[in-house]
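Open the model in your viewer and keep the sequence panel beside it. The stops below each give a selection and then what is found there.

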Amino acid sequence: MNTILDVKDLVIHYETDDGCVYAVNGLDLDLQEGETLGLVGETGAGKTTLARGIMGLVPDPPGRIRGGEIIYRGTDLLQCSNAEMRKVRGRKIAMIFQDPMTSLNPVTNVGLQIAEAIQSHEKLSRKAAMQKACQMLEQVGIPAERAGEYPHQFSGGMKQRVVIAIALACNPDILIADEPTTALDVTIQAQVLDMLRELRETYHMSMLLITHDLGVVAQTCDRVAVIYGGEIVESADVYTLFDQHLHPYTQGLLDSIPKLNEDVERLKPIEGMMPDPTQLPEGCRFCSRCAYADERCRTEHPNMLDLGNGHKVRCFRYETQEVEPHE
Amino acid sequence: MIKYIVKRLLLLIPVLIGVTFFVFTILSLAPYDPVTVILGDGATEEAMENMREELGLNDPLLVRYVNYIWDLLHGDFGKSYKTRLPVADQILSRFPNTILLASCSMVIAIVLGIPLGILSAKKQYSLLDNVATVGGLISVSMPNFWLGLLLVILFALKLRWLPSQGMGEDPVSLIKSLILPSITLGTGIMASVMRMTRSSVLETMRQDYISTARSKGIAESRVTVRHMLKNALIPIITISALQFGHLLGGSMLTETVFSWPGVGRYMLDAIKTKDTPAIMGSVILMSVSFSIMNLLADILYAFVDPRIKSQYQTKKKNKQKKSPAEDGGKEATA
Ligand SMILES: Nc1ncnc2c1ncn2[C@@H]1O[C@H](COP(=O)(O)OP(=O)(O)O)[C@@H](O)[C@H]1O
Ligand SMILES: [Mg+2]
């Protein structure tokens, strides 16, 4: 498999009046051609910031990309000019933003919102672009007659379909979906996920699926990366991760899901809070919440350990401890 | 929509009754005798009494007011005490001049104010933004007539580029004579339009749909106009329409400074000579133009924002429109 997107040592800060928010700190992530990579982590871990960083859409001010590389098919997107980035956005890499209720322009009809994406990358007449926009609407299960309607005439799930139609309109290589189902009702969540999965196949896209829902990951993803405090703490293919989660944070995440076959009295959330992103701990970002933390964890920042088989973890415990290879 | 407009126009009636009654009462309470204005100081007591009787000034206030309104309903605005000419004719002959001046001032205000506001917002806290902010504050707080006098001194008296008085007859001198008064009136309005545009664009800039628009790879100019400005337009329309409504009522000071033959100067002259019918006529014109501009703003909202448009449509229509559309969706109830 080919690496289609390779994020290396990415650092993104928000420089606000109340101090500097260290949102993404030396993050490494790679996306293979044709795969769905899940990015999991709790709110504030830096998921959206990473996604916006890849799109070149970190709000500046206050956001600043402080370092790193984002290699898409051999070119570093961070070195691209605005004009070059415009050709990438929508056409090569498309993004679905977190909240469908606010992601659509309320005063422009949905057909036009899709058509303008098409027109910005393809030399098409207004009419031809509109026709293609209608096809896109049909693809996501909205009758083409509704192209002239405005976002307020659609329900939340329908809005998300429109957003997906916009993202896919120019047949991008990579789709970044930032919590595409979080804002939706459970029944509609499943519909939207199914649709995303199908469309990913038809369009031969690679997908970066951001979520904090491990259930969604299990259903949809090939590989998972767990993000904590702006860095990846564990990554593996989806079976390995669910079977053999090594990082204490991943363990905590998985333990916090109630299991139907066990008689649980209470949910087991991870104790403690995310560290203040303006004052990250010196050592391991997770040490204040970790049951295994010792002196070294508090003072020294752990490196990513490669355990083979594409399983990586950022924890001192596995430097010495032998891990049996999965399967 | 039509129903809404008609309703709003009907609402104009009580507004006009209120305004006319208020002004009429104040004028009749004022300690002066219109008859001395008409006849001059040297008139005999008998002539003055006859004149009072003729004008119905000896009747009680309410009777006079009802008579006035009655005449008004027949299209009769009365005759000016001073010139003895029909007020309606005098105002209508001056109104086009005021419309011309008001329109030019608004064009200046909008053509400069909106782009400057957008630029300020997009480059928030930059040098340009700070200069625009300070400049805007100065222009808003500077009295119009003072700016007018400064312009006259500089461009008319010192440089002799432009005329300082009156309204040109042929097109070229008309345009020349329009420039200074339009700038005088337009500057303050431009500053308010600019400030409003800036704050409204700053607000829409942060919205998610702007990120969506950018993520499509469309040109930044299109993001700015189609997505930011269009969503930021409502408060800009409000302030522009209200300001235009003000201008259409005539700007007394500026028209006087430049001897512009408009309704504002007419009103000021009427006030100076205590010419009640002329004052009343001007006040009615002011309130009508202000209210109509207000209504126009409300109608424009519907063109800019489909959510407002759907509110204007009657309930019945809404239902008919909604149901088949919602059935089309798989999750109509969600
Ligand atoms: N525009 C911003 N200004 C300042 N801080 C921000 C901004 N956006 C995000 N942050 C901060 O950056 C951190 C990461 O946020 P985000 O990437 O949105 O996390 P996630 O998407 O994982 O919930 C959080 O601490 C958040 O408060
Ligand atoms: Mg987020």
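In which loop of chain B does B:Tyr125 lie? Select B:Tyr125: the loop runs between helix H5 (87-122) and helix H6 (127-141) of chain B. Helices (H or I, at least four residues) and strands (E, at least two) are DSSP runs, numbered from the N terminus. This is a predicted model, in which local features need pLDDT of at least 70 and side-chain atom pairs count only at pLDDT 80 or more, while totals for chains, interfaces and linings use all residues. Residues are numbered from 1 along each chain as its sequence is written, chains are lettered from A and ligands numbered from 1 in the order in which they are written, and side-chain values use heavy atoms, with hydrogens and water left out.

**Backbone stops**

Stay on B:Tyr125, which has a positive phi of about 65° although it is not a glycine. B:Tyr125 is exposed, with a relative accessible area of 63%; buried means under 20% relative accessible area, exposed over 50%, and partly exposed in between (1.4 Å probe, protein chains only). Most residues other than glycine have a negative phi, and most peptide bonds are trans.

Next, select B:Lys274, in the loop between helix H12 (263-272) and helix H13 (276-304) of chain B. B:Lys274 is not a glycine either, and its phi is positive at about 55°. Its relative accessibility is 35%, so B:Lys274 counts as partly exposed.

Move to chain A and select A:Asp60, A:Pro61 and A:Pro62. The peptide bond from A:Asp60 to A:Pro61 is cis, with omega near -5°. The bond from A:Pro61 to A:Pro62 is cis too, with omega near 0°. A:Pro61 is in the loop between H1 and E4 of chain A, and A:Pro62 is in the loop between H1 and E4 as well.

**The ligands**

Select the magnesium ion (ligand 2). Which atoms coordinate the magnesium ion? The donors are OG1 of A:Thr48 and OE1 of A:Gln98, at 2.0 to 2.6 Å. Donors are N, O and S atoms within 2.8 Å of the metal (3.2 Å for Na, K and Ca); water is not among the atoms, so sites may look incomplete. A:Thr48 lies in helix H1 (residues 47-55) and A:Gln98 in the loop between strand E6 (93-96) and helix H3 (110-121) of chain A, so the pair ties together parts that are 50 residues apart in sequence. A:Thr48 is partly exposed at 24% relative accessibility, and A:Gln98 is partly exposed at 34%.

Now select ligand 1 and the 14 residues that surround it. The closest are A:Gly44, A:Gly46, A:Lys47, A:Thr48 and A:Thr49, where a residue is near a molecule if one of its heavy atoms lies within 4 Å of it. An N or O atom in the side chain of A:Thr49 is 2.4 Å from an oxygen atom of ligand 1. For A:Lys47, a backbone N or O atom lies 2.9 Å from an oxygen atom of the ligand. Taken alone, ligand 1 exposes 560 Å², and the protein buries 70% of that; accessible areas come from the Shrake-Rupley method with a 1.4 Å probe. H1(A) gives the most to the shell, with 3 residues.

**Salt bridges**

How many salt bridges does a search of the whole structure find? Over all chains there are 27, each a side-chain nitrogen of Lys or Arg within 4 Å of a carboxyl oxygen of Asp or Glu.

Select A:Arg73 and A:Asp173, whose closest N and O atoms are 3.0 Å apart in a salt bridge. A:Arg73 lies in the loop between strand E4 (63-72) and strand E5 (75-76) and A:Asp173 in the loop between helix H5 (156-168) and strand E7 (174-178) of chain A, so the pair ties together parts that are 100 residues apart in sequence.

Then select B:Arg222 and A:Glu116, whose side chains meet in a salt bridge (2.6 Å, N to O). B:Arg222 is in helix H10 (residues 220-248) of chain B and A:Glu116 in helix H3 of chain A, so the pair joins two chains. B:Arg222 is partly exposed at 28%, whereas A:Glu116 is buried at 4%.

Finish with A:Arg285 and A:Glu231, a salt bridge with its closest N and O atoms 3.3 Å apart. A:Arg285 is buried, with a relative accessible area of 11%, and A:Glu231 is buried at 2%.

How values were computed: Polar contact = N/O pair within 3.5 Å; in protein donor to acceptor, adjacent residues only side chain to side chain.
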